[in-house]
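Let's take a walk through this fold, strand by strand and then over to a pair of helices. Keep the structure open as you read.

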Amino acid sequence: MSGDPSCPAPSSTPTSQQSVTRRMAIKGGLALGAAPLLTKLACTETPSDQPQAGPTEHPEIKEAFGFDDPKAPGEKYVRPMMFPVLNDPAIGSVNWIDSYWAPRGGGTRKHEGQDLMGPKMLKLLACVSGTIVELRHRPTGNSLYLKGDDGWYYCYLHINNDTPGTDDGVNDRKFAFPDGIVQGMRVEQGDHIAFLGDSGNAEDAGSHCHFEIRMPNANMWKAAAVNPRYSLEAAKPAKINGPTVNPVAPFDSTLDFVVRQANDFLGGVPDWDWLLPAVASIKDGKHPDVFIADQVGHAAVTLVVNPIIRMQLACFGATPNRTRVDTLTTSVRDGASLDEAGNQTVTDARLTASSLTNAEFVVHLDQTMWG
């Protein structure tokens, strides 16, 4: 593009479960009253979204490369977009001043973009959703041109060509573009598309992203540049898109998760009037651990499961055996009383075979229940 003479325009347009329940860990803790276990310029200055100098016109400078004439610095075009560089606390921050139309090439051409200065390897993000219409990974410089769904062009130049921590110019592709980023692909706003660097004619100018915005044109190589200043000032903050996270993993779906928790805590799904709102609550943002905590407070837990757990602890003085708790819980849910469940516990061989006298056993119960 005209801001980077190392990347001349081509002569024509390029072609383009195992489901593991959380029940025992949480239920056991809450039943005993425990809280549930329910996240070349190394710029480090404060980011600046405001230009520090006003635009300066240089009418004597002629346009390079044959693009349509760039729009004057004061012509205000605001494209709805995201800021194209993501700050990183471990690397540093980006800063910039308005340098559109400043002289370049010894005064032979105008600067047709804004230089977003920052440390190498800051992530460059798709500022809009669209298609990568040109991607260059070359000894002469790395760059990427994004055609937005709005028909405008958003251009990223001087993409990194150095091994991190060096200025070696090896130009390993993995330090220029993330895996999977190729020409012709669609990207969404916020996708990571490249790394900031100093390739091309920026080797002695400090690492930065030369960022251009160009107007819609059937021939990208004729598209006129506009001052990106106004769009950058109005841009929403950079936010990288991450992989989609399944909040109920290892379950495949919210429905599977809710049904499993209902079976574990409540002995089954109460009815559709309970199930549908339960599924909807998680899809609307309720954290799965909060949902589980809600079930722990259900009467099916407080009046059945918890007394059985306390009874097991009192009798045996150890974390209850899951199989035994399940057996007794199922028995009570099938109609047995807690007294009957208690009788099953006190006739357990571990108690009947004990050498404790009745008096000693009463003391044992008292100590395990009350400390």
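H137 has N142 of strand 7 as its bridge partner. Strands pair here if DSSP finds at least two bridges between them; strands (E, at least two residues) and helices (H or I, at least four) are DSSP runs, numbered from the N terminus. Getting from strand 6 to strand 7 takes a hairpin of two residues.

A quick note on what you're looking at: this is a predicted model, where local features need pLDDT of at least 70 and side-chain atom pairs count only at pLDDT 80 or more, while totals for chains, interfaces and linings use all residues. Residues are numbered from 1 along each chain as its sequence is written, and side-chain values use heavy atoms, with hydrogens and water left out.

Strand 6 also pairs with strand 9 (residues 186-187), antiparallel again, over two bridges.

Now go back to strand 7 (residues 141-148) and follow it into strand 8: the two are antiparallel, with six bridges. S143 sits opposite L157 of strand 8. The hairpin between these strands has four residues, and G151 adopts a positive phi near 90° in it. Strand 8 (residues 153-159) is mostly covered, with seven of its seven residues buried (under 20% relative accessible area with a 1.4 Å probe, protein chains only). Strand 8 also has strand 11 (residues 208-214) as an antiparallel partner, over five bridges, and Y154 has I213 of strand 11 as its bridge partner.

Elsewhere, three strands make an open antiparallel sheet in the order 1-5-10. Its edges are strand 1 (85-86) and strand 10 (192-195), each pairing on one side only. Strand 5 (residues 123-125) meets strand 10 through three bridges, and L124 is partnered by A194 of strand 10.

What about the helices? Helix 3 (residues 254-266) packs against helix 5 (residues 288-296) at about 25°, with the axes 10 Å apart; axes are lines fitted to C-alpha atoms over the stretch in contact, and angles run from 0 to 180 degrees between N-to-C directions. The two helices are therefore roughly parallel (an angle under 35 degrees). In contact (heavy atoms within 4.5 Å) are F257, V258, Q261, F265 and L266 of helix 3 with P288, F291, I292, Q295 and V296 of helix 5.

Terms used. Parallel < 35°, antiparallel > 145°, perpendicular 65-115°, else oblique. Buried < 20%, exposed > 50% of the residue type's maximum accessible area, 1.4 Å probe, protein only.
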